[in-house]
Structures are given as C-alpha cells and as structure tokens.
Amino acid sequence: VTLTFEGLASGIGYREPNAPDEDVYSPHEIQLTSLATTKGNHTFEINLVDPEYDFYGDLDPMVERTFQAGAISEYRSLLSGGQYSLQFRCSDIYNNAEKQVDVQEIDYWRDVVTEPLTLYEPSIALFNPFVIEYWIPEIAYITSLRINLVWQRNWDHRLAQPDEQSPHIWWVKPHAEADQKRIVMTYGTANLFSSILDEFVPQPDVRQFISKGTPVRSYLMPFSLYQLTVSYQDRFLNPRAATTISVWTNFTEPATPDVPTLIDRATQNLEVGWMRNETGGIRISHYDIELREEPKITTVPLPDWATVLHTLDLTLTGQDSNDTVFIGLKSSTYFRVRVRACNMIGCSNWTDWATFRTLSACGDGIVYDGEECDDG
C-alpha cells in the first residue's frame, strides 16, 4: 500500500503548528504480511500515525515493514492536512504482473480530539435506583471510560451531612464502552457497586471502583448536590473528553418491611425475623420492633430491655433479612409483634401485627393445640 503526497487538502482540520506545506517523507509504503495475501476478502485497519503498531500500542500483525521515500527508516507520520493518492498493489505466487488499484484525492487529517459523549440520563435528580444512559460517538480506548460522582453540598440543613466517601469513581467493563450504541446501566444509591437485585452480587457493569476510605459499601447522601462526570479517551489516546452535569439526590423513608415471621420459640423466648423492602435510597439505620402481650393493650414490662428495640440493619453485613430474640417472656402466652424500618430521613409505616405463642412448660397445666410441653 503506497500513499503519495499530492498537495495540501482544501478542507478544514487539525494542522500541527509550523507544519511544512510538503510531506518530505512521501511516498509512504506499507508492506503487508502474508496474513493479508491469502485468497478471499480482507478487512483491517492501519494506524497511519505509525503503521507498524495498532491503535492500542501493540505490533500490528498485518504489517511487515514500512518505507519512507523509498528507504527503510523510522516511520514518519503523514502530513495532517495533506492530500494523498493511494495505490494498492499485489502479485500472485507465480510472479505474474502486479495488479493495482488507485484512489485519488484522499484528504488526511489526524484525529487529535476525543469527541464528547451524549449523556441522556440522569438529568436533574438521582432516585433509587438511578440510570446512567449515554452514547459514545467514536471507538473508545478499552478500559478508559470512567464515571466520577462528587459530593458538592447539602440543600436541606436539617440533614446537613457531607458525603465522607466522596468522590466515588468507577470504571466500566468493555461492553459498556461500545460506540454508536446507547448504553444503559442501573445503580442503587444505598450500595452503588452491588446489584440492585442482590447485594451479594457485584454491579454487572462495573470493572473497578474507588470510594474514599475504601468502604465495604459505597452509598450516597440525601438532600445533596452531586457532580456527575462521564469521560473517556478515543482509540487514538487523544485527551479525555468529559460530560458533566449536576444532580440532586431525591430519597425517601424506607418502604414497610414484610410482616414478621416466627423463626424459633421456647417457653420464655420468641425468635422472629422479617424481610426489608425498598430502603428509600439510603441504607437502613435501624428497625423498631414492638411486642405486646395478647389480649392486653399495654406493653409487656420487661426489666432489661425495651419493648421498642432499635436493632442494626443486618444488611450492613450483606443480609436482606433480620431477626431478633425476645427473652424472659411468659410461657403458654400469645404475643403480637410488628416492625418498622428507619433511615436518616425517617421511618416507614408499621407492619401488620403478627401473632406468636411461647411454648408451654411441663407442669404449668396449660397445653395448646395438643402440642407436647417443653421440658427444657
């Protein structure tokens, strides 16, 4: 493949400062390897900045050697803003006369700018979960696409807390760097880098992430303004192009948990559990659990613990379910239990009451439903 300088191009594009008006290294000849000479159709790309290397800095398996002005030497790039003719020549294995194809008036402009991507979502607010949707106009350099989410300030002084984990920075997997395609990714604000369906599973689009302090879980703060930046480099490693917007977090109280269920019981103990639902966009800080003896309306008096318990959300250790044990209860007694979830904004509604009964102790004379008494 031979590229011969014919003059300056008439279009508008990038020209290097103080560039000459003539390509003194012309003609540029690129000798291809045997991979390009087998019978059939071939499609491949040549890096005109340095044909011996591909766009990722590796030796190009399709290029055997290059010639400058008829001699082997260190490759010199074509003149950006020049007009070239291209001649493609090939002969067969029998050394018959070469066949050639000529193409005239090819304007060469070196690409020196990464085209900015188009960001469709989010636009104004971050709900839970939130979507990042964008379109990349040209081929991205693999592993270059990066997303930065940086806390700016609070807008509600009642909950004026900075994001101590900011900035949140992550890189996406190659499938999320495809050009000419709308990419859609979904994130949970209470756990950015885990699947919104299962906190045991990593977020499927994230290759690597960093939050300040390297927390186990990265989460966003309510009533806060964040700066979201999506940037990448093109395959020519031109300077990074970035698209930046400002977005507000729009979070709520948690949704009501599922009705508590019985896990285990004894004569004086009840172990109950429940499943949390939507967190409202913030990690659940605690649950309130209320226990009442039936048919009494008043709360059961217990010496060492309150009837309304504040327990940590066990999802902080990667679990979606929570449970607690009530101790020191009366045997052969029915109790009602309900629960609500709380985050830093507020608490959910209470669940419906669930009714459970402690086992009967042998010798107390009360046995329900034909069950055997508990002899301890």
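**Pocket, sheet and one tyrosine**

Two strands, β2 (28–32) and β4 (82–90), each bring at least two residues to the lining of the largest pocket. Keep in mind that this is a predicted model.

**The largest pocket**
- The space inside comes to about 750 Å³.
- There are 22 lining residues, and Ala-36, Thr-37, Phe-88, Arg-89 and Cys-90 are the ones nearest the centre.
- Sorted by class, the lining splits into ten nonpolar, six polar and six charged residues.

**The sheet**
- β2 and β4 both sit in an open, five-stranded sheet that runs β3-β2-β1-β4-β5, with antiparallel pairing.
- At the edges you'll find β3 (63–68) and β5 (99–108), each with pairing on one side only.
- From one strand to the next, the twist averages 20°.
- β2 and β3 run antiparallel and are joined by five bridges.
- Leu-32 has Val-63 of β3 standing opposite.

**Tyr-141**
- This residue is in the loop that links β8 (130–135) with β9 (146–154).
- Gln-233 is 92 residues away along the chain, yet its C-alpha atom is 5.6 Å from that of Tyr-141.
- Gln-233 is also one of the contacts Tyr-141 makes beyond four places in sequence, along with Phe-55, Tyr-56, Glu-177, Asp-234, Arg-235 and Leu-237.

Conventions. Residues are numbered from 1 along each chain as its sequence is written. This is a predicted model: local features need pLDDT of at least 70, side-chain atom pairs count only at pLDDT 80 or more; totals for chains, interfaces and linings use all residues. Side-chain values use heavy atoms; hydrogens and water are left out. On a 1 Å grid over the protein atoms alone, a cavity is a set of points where a 1.4 Å probe fits but cannot get out, and a pocket is an open set with protein on both sides within 12 Å along at least five of seven lines; lining residues have an atom within 4 Å of a point. Grid points are joined across faces, edges and corners, and a volume is the space filled by probe spheres set on the points. Helices (H or I, at least four residues) and strands (E, at least two) are DSSP runs, numbered from the N terminus. Ala, Val, Leu, Ile, Met, Phe, Trp, Tyr, Cys and Pro count as nonpolar, Asp, Glu, Lys and Arg as charged, and the others, Gly among them, as polar. Contact means heavy atoms within 4.5 Å. Two strands pair if DSSP finds at least two bridges between them. Axes are lines fitted to C-alpha atoms, for helices over the stretch in contact, and angles run from 0 to 180 degrees between N-to-C directions.
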